Every structure is written in structure tokens, then in C-alpha cells.
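Work through these exercises with the structure open beside you. Try each task before you read its solution.

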Amino acid sequence: MTFVPVIPESYSHVLAEFESLDPLLSALRLDSSRLKCTSIAVSRKWLALGSSGGGLNLIQKEGWKHRLFLSHREGAISQVACCLHDDDYVAVATSQGLVIVWELNQERRGKPERIYVSSEHKGRKVTALCWDTAILRVFVGDHVGKVSAIKLNTSKQAKATAAFVMFPVQTITTVDSCIVQLDYMDGRLLISSLTRSFLCDTEREKFWKIGNKERDGEYGACFFPGRCSGGQQPLLYCARPGSRMWEVNFDGEVISTHQFKKLLSLPPLPVISQRSDPQYDHTVGSSQSLSFPKLLYLSEHCVLTWTERGIYIFIPQNVQVLLWSEVKDIQDVAVCKNELFCLHVNGKVLHLSLLSVERCVERLLRRGLWNLAARTCCLFQNSIIGSRARKTLTIEKLEHLKSQLDLATYSDLISQLEELILKFEPLDSACSSRRSSISSHESFSILDSGIYRIISSRRGSQSDEDSCSLHSQTLSEDERLKEFTSHQEEDQPDQCCGSPGNEGDEDNVSHVPVTFETDKNETFLPFGIPLSFRSPSPLVSLQAVKESVSSFVRKTTEKIGTLHTSPDMKVRPEPRDDEQSCEEDVSSVTCPKEEDTEGRKEITSQPLEEDRFQALKAATAEAMTKLQDPLVLFEPNSLRMVLQEWLSQLEKTFATKDFSGISDTGNLSMKSNQDMLLLNESKKGILDENNEKEKRDTLGNEETVDQTTCESVSSLKESSDDLFQVCSPCTIANGFQKDLAELTTLCLELNVLNSEMKSTSRHMDHTFQLCSPEILACRFLKKYFFLLDLKRAKESIKLSYANSPCVWDTFIEGLQEMTSSNPTCTQMEEGDLPTRLKLLDDSVPFDSPLLIAYATRLYEKFGESALRSLIRFYPSILPSDIMQLCHHHPAQFLAYLDSLVKSRPEDQRSSFLESFLQPESLRLDWLLLAVSHDAPPSTSTMDDEGCPRPHSHLLSWGYSQLILHLIKLPADFTTKEKMTDICRSCGFWPGYLTLCLELERRREAFTNIVYLNDMSLMEGDSGWIPETVEEWKLLLRLVQNKSTRPAPQESLNGNLSDGPSPINVENVALLLAKAMGPDRAWSLLQECGLAVELSEKFTRTCDILRIAEKRQRALIQSMLEKCDRFLWSQQA
């Protein structure tokens, strides 16, 4: 047995699975590939499970008894919501967008009935359901942002009022994006969409936007009930990017922002379960920047959320992470009190309970799970030793637990348990030992209230005055360092304390990790120091404060000294606008030579003189004004002329001043001469080599020139490094920087890469002007990289220079140059692939344009394995980026694409793949790529005549699932025909047959099915069975002709008898008899002259079918007669 590690004391709670729901799902047949659980809800009485087949299973939680099954023909169940204040009502949303409300009638022992069917959201995807907490009203939200309310009556009221009053669906509001979550409390409806959260007073019909900052993605929001005894109003918590939450009052005003990013760096707690022994890794990871898709109120003081990695439970009022545990692939979670029901992507349901450690051990002991209970005790021994736990877990219980363990099997576990028992001390003896310690070292007096007043007599003991002076000294030190802490808050926004009333304009983050049993007299220090889950002792905190302040003062002194050493340099102020775009953040990055060792202050050269910039500012303002004119904006030639005039002024401005790293006009003309000479030399070599071919195709000429141009660009890379300008050579105001970035990027998008300035070079011939776009693009990127909008530039390069990888390589080189001075780049040079991916995930913003540069480094180091791991960064890194990244190895792009598609749920893969198949020609390119790699040899799939070999459709294709997804996507007739030709030429017969039947080429399909010689292709639910008599005759003739040919070659397994059932006359005749009946089948076989070839097996099968038909007709006749008699008796 291995040694069980000890978990720190700060963890007081744990998630445990005491009952597995797998047998229940198996009994309900919800564990198959065809039928699985798609939605989940829970109330005090019911566990509701919606299925992909349209059924709703209601399980009574007491005893886990299956009580009701509600069927729906309107499609699969997408959402379920149980009424929390009345267990007799449940609401269901189907895949067609219908919302059905059921009254279960359990108290009256009646049958469940539908009391309302709403078609308000028909044709849309319902994404959220929520019940009113007081009346029978259901709130519904869909994927387009519409929120409606369904007000209901009970079945008794409905019978009395249905003839007089209609209760239509009320539209609450329509927001700008998909509804992520709905929550309701005390007359207020909380709506969370992809962009922001809204608060709605449903009685007064008032709406409030929560905060001023928008977000992009799935972020949840929930109510947090106030304490009834204190008369507190409920609070709201809204998820924000970067592991943050807004705390909002009941009027929709943001009180503060809580940051949990640093607190989530501790390792996850194991889930206590019989499935596996709990393990704990003490390794502290990096901070987690997470997006919380939903927030759920749990128990009395906790908020629960989850990601694809695990479950997270917070105590938001104390800014504390209670725990987080790794539970992967969660689709949805339903909670009731301290119970969690987790629905996984594969349809499995996990039932967890949130308990204190001692109660968890006690329940394990009651269930007789001795091994698991002992391991839990050893893991959480620091929590169990506490006095609170010892009231529940006594020494007698631990001794009994130890006696139940087998000494031979659990020797190490028993020894750890014995050490834990030795640390236990009875409560009485502990108190008596403390009293004896007090009496032996101190004198004391008892006050009237019963409180002991201690008078210390020990040497070296600290008096009250000393402790007070220490506290006052700390506070005075806080006051003296107020200026330093304010700067520290600007440098480290994730660690500063929040102030009320900010309404979300600034992320003032509170960072005070408080535990459940925090001492009320404990003083919390106001410094933004990242602490652990539980605040340490005051002395430890004071020491941490001292180290933090000393480090900050030292760094500040070094920076001030650096500034004084170069008085001619000017410090550029850092942008403080939180709403600043990512492009502006990137544009402010400086060169490595211009940064100090800390990388936080940016020192640049002196700005250009005002007169030098005046001309460029005037030209920029004139160009921006002209772009507002529709006659210019929508006329490409006029737009290019405006951009060329502006570009000439840009070149003059940055060429006349001798900036470091930017060449002057002479250098540029010399550069043009070098480009021309290299191009002419490469062209001359090609012409000499192909001198015999005088007549050339125009397309061939263009391709040759393009290839030559790219080669010349690559040969110039070393000599043109001095032209790469990734940082601004001078200080540029933000507003002016935006205009420059807009125009520079527009020049790149419209291929306006040089002005109409006359060149001094005489080597610029007509051929160079035609064949130099790639060279010009690379030079443009290198000169004005610091002005580009990097996201738009990347998309422009992918569209305009898809066949010129040299331009993409130049762009990536610029991004890598920008990141070379980043500490993340240095840290990523070491470690394995998972370590570097985790570092990249934690350090680089998800929407940063620099992400592709880090991905390129990973790909150069780890190859295909790195590509498969990059799917976690979608959509920041798109498949089109990966295509450019591995243009030399298209097979590796297939591996990435296959992994990306498989990362989505099976029912979403086709639509997900279709979302990035633009333009349409991509699907043909990717299909040809998929059937050409990791495929069986053509000799195994086709014979010499191009016909399918027997059973060749069973061969393994590496990307068969991806190919089938591409084939099944909707497309026009011409594209489908081209797909059919590709599948046939490569021998991918499953896709070829699918396309043939889709294009109504059934004759061709049945011909190839006969060649494949597999009866399973025409059997089962997905089999291709002839539909008309003519098709049956065709199939019989094909089989008859096949039987007259020479015997086919051996099957894939080496023997025809080892493979599937062959296609012969008898097997086809049996299929015909089952489909059309024995009598019609016999007459058709006689007509085709095949009756004599049938065996006795066919005759016996036909006799059995006749008897079965006769009995079935008799049974139907008998049932009809009984129904008739019953109906006549009811009339009488």
C-alpha cells in the first residue's frame, strides 16, 4: 500500500459520491449510443431526466424509484425545469422550440396532463427555463435573445375558466444575443446573455443593465438570498472574464469585483468515490483564468460553477474558494440543497454531495466502506484533529475503523491511522491541560461575566501595550506607504481591493480569503498579497507584508535610478482605459532594447518634432475624411488613389527622420535593386533550364513566377532584418495611432503596398512590377508592423496571399519578434508540451493576436502533437491559421481538424464543421485531402477495372468520420457530384454509396453494393433496400450476372466465409420475401427465372412467413371485433 498524502487544514469540505446512478440509467436504457440523457433538473422530490428520444423520466429521490414517464413527439428534450415551490409541476423544452408544462396530479392520484403548450419559441433553440418562486409562471429564453413568460392555471381552474379567459404568452424582452441563464427571486428576473446581464422588475416592467462593461461568451448569473434574520436584501453575482465575479445589489448596482484567479492556483481536491482511491497532488499550479458558464446558488453561503475541467464552489461574500475538484466533460449541473447532479456530455449522471469532512467520514462508516473512510481520514487528518470534528469522530470510532482493516493488505494505511489516533486528545483532557498551563505560568482573575483575565508573569512575554504598539506601528506603516500601494494597484490590478459604487467601470478586485471559522478579532491587512485559501497567522501575514513592501520599494528605486541615468529619454504613460482594444495594447509593445529588466515601464526615443508630424496628421485627417464619402469608399480605384497619396506622406515622414531600425530612401532603392537582381537571376536560371519549351501556358508562367518570388523573398530575409520594425520609433498619441492603424491595415487589405513615388532604380522592369506583390507585402509588413491592426492583417494575409507562404512566414516572424522579450516566451523554452500549454493558457489572453506566435513555437518544437493540443484555443486560433502554419505538411492539418471536430458533442459536429467551411471550395479540398491520407492502398479497394473489391468498404480509413461529416453537409448538386467522383476515384465506398443514393443514382449504388458482396448493406435500419419492383428486378439481374462470372478474390480476412454474409440469389430472395411477402416474392422470382435456383431454406422461410401473416391477420381481426363490441356496449 502506498502512503496517503496529507491535505492542508484549510480544506474543511469535500465532494463525495455515495450512490452511483449508473444502474438507474441502465434500467431506463439511457446508457446506449442511440438513447441518452440530454437534460437534467432536480427538486425536493423529483430527479427529472430528459432523453434524446423525447421522453422525460421522473425519478422519486427517496429510494430512487421510477414513477413517471412523459413522452413527447415534438423532439428531444433540450431543457427541463421543476417547480421548486410545488413539486406537482414540471416544464419541458423540446428541440423544436416548443415548451410543454405538465401537471403531474400526484396528490389526486390522477394521470399527468399537459396544461399548456407554448409555440412562442418554435423553430428556435430554447437555452434557459426558470420558474417563478411564488406563482405558477415559467420564464423561457432562446438562442436569439427572446425571453417570454407563461402564466398558468391549475387543471381545476382551467376547466372553469377555459371558456372565458385566454392567458397568452407574455414577451418580457428581447436582448442582443443568446440567453445563457435565467434566475428569479422576489419579483426580479435576472437575465444573462452572451454580452451582459440584465435585471428586470416583472411587476413594474422596469429593466436595468448591470454594469457598463460587456463581455463575449457564456457567463452565468444568479441570485444570492439574504439572511432572513438580518433583513438583508438578496445579492446578485455575475460571472466575468478571467475568473472574476461582480457582486451586485438588488437594484442592479455593482458593489465590487471579486477575483478568484490567484486563489485557484492550489491543487484540486479529490472526489471521494468508490470508483477510485482518492489521490492528492501537493504541486501548486499557476493561476486559472476561467469563464464560468453558469452560476448556481448552493446551500446557505456558496455559489457553484463548473468548466470543462472541474467543479468550483465559492464563498463569494468572503472571496474564498471553498474547494474545486476535477470532474471533466460536464454538460449541465442541477443542485438541491447540498446535492449536485452532474450531467456529462456522454449522457452519464453523477450524484455528488457537498459535506464537511467529518460528516463524509461518518457516512462512509455507516455504509461500511472501511478502506475509503480510512483513506479520507488520513487525507484530511488536519481537519479531523480540530475540536469541531472530534465531536463527531471520536477515538472509539477510529479504533473501530482500524479494526475493520486487513493488516496484510492495508498495513501502511493502518500505521497512518494509528498516528492519527495518537494525535487525538479527548476534549476534557485538552481543556484541563490548558487550565493547568494557565495556572502554572500565569495568574488570573475571574470577572463577573465568567471571563478569565490573564496576567502574564513569564519572561519575554509581550504585554498588551506592546501588541497595541505593534498594531499601531503596522497602521502607521500603511499610511506611510499609501502612495506605494496606489502604484502597486495600478501595476497589479488583479490584487487590489474593491471599492463600492464602481458600477463595473473598473475592476476593483477584492482579495480577502476568509474561512468559515475566522476569528472575529483577526485583523486583515490591507495589502494586496496573494494568500492561500485560509488566512495565516498575523505574524506570518506581517512578514509577508514586510517582504512585499521591501520588494516594491527596491524595484521602484531601481526604475527611478534608470530614469535619472538617461535624462533625454521620456517615459511613455501606460494606457489605463479598460475598454482599450487588443490592437492598441499590442501596438504599445516596445522593442527588447527599449525595455528594462522588469518589462513594466517603457522608455522610448524622443518624439518627432511637431512640424514633422504636422504633414502626416494633415494627410491622415484628409484621408479619413475622404473615406467617409460613399463615392470614394465604394469605388476601389478612388479608394486606392486616396490610400496611395496617404502612403506617400507616411513614407516621407518615417524616411526623412533617421530612426533606429528604419532605412532611408537610399536604402529602400538599394533594397529594390537587390530584389530585382535576385528575381532576374532566378528567372534567368529557370529560362535557361527550360529553353527548349518556347510555348508556355500563361497559368504556368504565373505559378513559376510566384514560386520564384517567394524564393527571392526567403533569400532576402537575412539581409532585410534591419527593416523589421515591430515597435513604434516614437511616441504616438492613442487617437492618432488608431487612425494610422486603420489606414495602414486598409493599405494591406487593398494591396496598396507602395506609393507612386518615382524610384531611382533603373532595374525596375515590367516583369518585376507584375511579379513582386509578395516581396512588396513582406517589405510593407516589416516597415509598418507597429502600425498594423494585427487581427485584420492576419485575416487579410490568409485571404490575399493564401498561395504565398512567404508572406505568412514574415507576419509570424514579426509576431515572434514582439514576443521575444516577454517572460512567457523564456519560460516556454523549458518543459514538456502539457507544461507549456498550461503556461500559455494562463499567461496569454485568449483573444490576443500574439497567441499564434506562441503556437508556432510549439509546433516547431513538438510537431503534430502540438497541433492536436491547439484545439483548446479555438476560436482564437482558427483552422485557417493552422492551414497556413503547416502548409508544408497538409497531413498534420488533417490531424488538427479531426481532433477539433471530435472535441464537440456528436450532434453538433456537422454544424460546427460547416461553420468554418468558407469559401465553399474548401470542402472539396479538405475532402480530397482526407481521402488521400492515412488511407488503404488503391489496389485493396478497386480491381483493375475500377470496380469495388469485395468487402473493401470495411477497410479502415484514418479520417473516415471526418470524411462522412464533410459528405453529409448540405451543398449544391454540382458539389455533391464532385464529391462522388472523389470518393469513387479513391475507393471510399461508404461515402460513395451515401452520395449516390442522395443524388438518386440508385442503379449505380446497387451495382456497387453487389460488387462489395455484403448483405448487411441492405439490412437493418440504415440498409439500402430497393423501393420499387423495377429496382428489385435490377438487383436480381445484377446478382444473377455476378453468379455467372469467375469467383472473386479472397476477402480481407483471407477467406470469403470469414466475412459478412455474401450477396447471392438466395439471400436476396429471402430479403425480397420479407419486404414484399412470400407470394409476391415467388411470382417475381419466377418472372426473372430464378425460382429453380432456390433451396429448401427459402421454401421453409416462406412457409413460416405465410403462417405468421395469417396469425397476425387473425389477431388484428380479433382485436377489432373486441373494440367494436366494447364501443357498442358503451352506447347501450
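**Exercise 1. A strand and its neighbours**

In which sense do strand β14 and β15 pair, and over how many bridges?

Solution. 
Step 1. Keep in mind that this is a predicted model. Find β14 at residues 179-185. It pairs with β15 in the antiparallel sense, over 6 bridges.
Step 2. Pick out one pair of facing residues. M185 stands opposite R188 in β15.
Step 3. Look at the link. β14 and β15 form a hairpin with 2 residues between them. D186 sits in this turn and has a positive phi of about 50°.
Step 4. Move on to β16, residues 197-201. This strand runs antiparallel to β15, and 5 bridges join the two. F198 in β16 is the bridge partner of I191. β15 and β16 also form a hairpin, with 3 residues between them.

**Exercise 2. An open sheet**

What is the strand order in the open sheet of 4 strands? Find its edges and the helix that packs on it.

Solution. 
Step 1. Read the order: β1-β28-β27-β26, with antiparallel pairing.
Step 2. Find the edges. β1 (13-16) and β26 (330-336) each have a single partner strand, so one side of each has no neighbour in the sheet.
Step 3. Neighbouring strands are turned by 25° against each other on average, direction ignored.
Step 4. Inspect one pair. β26 and β27 (residues 339-344) pair in the antiparallel sense over 6 bridges. A334 stands opposite F341 in β27.

**Exercise 3. Checking a helix length**

Why does the distance between the end C-alpha atoms of helix α23 agree with its 15 residues?

Solution. 
Step 1. Take 1.5 Å a residue. The 15 residues of α23 (residues 805-819) should then span 21 Å.
Step 2. Compare. The end C-alpha atoms are 21 Å apart, so the two values agree.

**Exercise 4. The nonpolar cores**

Which residues touch the most other members in the largest nonpolar core?

Solution. 
Step 1. Name them: W646, L815 and L913, in a core of 137 residues.
Step 2. Find the main contributor. Helix α38 (residues 1065-1076) gives the most to this core, with 8 residues.
Step 3. List the contacts of W646. Beyond four places in sequence, W646 is in contact with L616, A619, T620, A623, L740, L743, T744 and C747.
Step 4. Look for another core. A second, separate one has 56 residues, including W306, V327, V333 and Y410.

**Exercise 5. One leucine in a loop**

Is L28 buried or exposed?

Solution. 
Step 1. Apply the cut-off. Buried means under 20% relative accessible area. L28 has 15% relative accessibility, so L28 counts as buried.
Step 2. List its contacts. Not counting residues up to four places away in sequence, L28 touches L49, N57, I59 and H66.
Step 3. Compare chain and space. L28 and H66 are 38 residues apart along the chain, and their C-alpha atoms are separated by 8.6 Å.

**Exercise 6. Two helices in contact**

At roughly what angle do the axes of helix α39 and helix α40 cross?

Solution. 
Step 1. Read the angle. The axes of α39 (residues 1078-1087) and α40 (residues 1096-1131) cross at roughly 145° and come within 9 Å.
Step 2. Name the residues. α39 brings P1078, D1079, W1082 and L1085, while α40 brings F1098, C1102, L1105, R1106 and E1109.
Step 3. Sort by class. The contact has 6 nonpolar, no polar and 3 charged residues.

Methods: Residues are numbered from 1 along each chain as its sequence is written. This is a predicted model: local features need pLDDT of at least 70, side-chain atom pairs count only at pLDDT 80 or more; totals for chains, interfaces and linings use all residues. Side-chain values use heavy atoms; hydrogens and water are left out. The expected span of a helix is 1.5 Å times one less than its number of residues. A nonpolar core is a set of buried Ala, Val, Leu, Ile, Met, Phe, Trp, Tyr and Cys residues joined through side-chain atoms within 4.5 Å. Buried means under 20% relative accessible area, exposed over 50%, partly exposed in between (1.4 Å probe, protein chains only). Contact means heavy atoms within 4.5 Å. Two strands pair if DSSP finds at least two bridges between them. Axes are lines fitted to C-alpha atoms, for helices over the stretch in contact, and angles run from 0 to 180 degrees between N-to-C directions. Ala, Val, Leu, Ile, Met, Phe, Trp, Tyr, Cys and Pro count as nonpolar, Asp, Glu, Lys and Arg as charged, and the others, Gly among them, as polar.
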